[in-house]
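Me: Hi! Could you walk me through this model?
Reply: Happy to, here it is.

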Amino acid sequence: MSRTRSWLARWLNNWYISSLAWSIVALGWFVLFLLDYHVSHIITGIASLVIALMFFLLARQRAQTGR
């Protein structure tokens with residue numbers, strides 16, 4: 001059980017994975033926008049992309065500092 005827990009913690013702590021996950025969420029919002037053309041979907045998609053970009057930049061900064 002400890003091995004599984006450490007594997008899960010390592011993946012959840014990986015900010016590149018978080019960035020990828022938020023990018024997939026944004027893609028889903030954009031697809032939903034194409035299906036029904038509600039402006040709120042495109043706004044939420046853009047917000048999700050901003051969060052994904054933030055996680056990506058934080059992951060790059062963390063990699064550059066060697067943490």
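**Surface and fold**

Me: How much accessible surface does the protein chain have, and what share belongs to carbon and sulfur atoms?
Reply: The accessible surface of the protein chain is about 5400 Å², and carbon and sulfur atoms account for 71% of it. Do keep in mind that this is a predicted model.

Me: Got it. Which residues form a nonpolar patch on the surface?
Reply: That patch is made by Y16, L53, F56 and L57, which together have about 360 Å² of accessible area.

Me: And where does the largest share of the patch come from?
Reply: From helix 3, residues 39-65, which supplies 3 residues of the patch. L53 is one of the residues located in helix 3.

Me: Switching topic: how many helices and strands are there?
Reply: The protein chain has 3 helices and 0 strands. Reading from the N terminus, the order of elements is α-α-α.

Me: Is the chain spread out or compact, and why?
Reply: The protein chain is more spread out than a compact globule, because its radius of gyration is 15 Å, well over the 11 Å that the globule rule gives for 67 residues.

Me: What are the spans along the principal axes?
Reply: The C-alpha trace covers about 45 × 30 × 10 Å.

Me: What percentage of the residues is buried?
Reply: Of the 67 residues in the protein chain, 15% are buried.

Me: Last one: what share of contacts joins residues at least 24 apart?
Reply: That share is 51%, counted among contacts in the protein chain between residues at least 6 apart in sequence.

Methods:
Residues numbered from 1 in each chain as written. Predicted model: local features only at pLDDT ≥ 70, side-chain atom pairs only at ≥ 80, totals over all residues. Heavy atoms only, no water. Patch = residues over 30% accessible without salt bridge, like charges linked within 9 Å, V, L, I, M, F, W, Y side chains within 5 Å. Areas by Shrake-Rupley, 256 points an atom, 1.4 Å probe, with all protein chains shown as cover. Salt bridge = Lys/Arg side-chain N within 4 Å of Asp/Glu carboxyl O. Helix = DSSP H or I, 4+ residues; strand = E, 2+ residues; numbered from the N terminus. Rg over C-alpha atoms; globule rule 2.2 N^0.38 Å. Buried < 20%, exposed > 50% of the residue type's maximum accessible area, 1.4 Å probe, protein only. Contact = heavy atoms within 4.5 Å.
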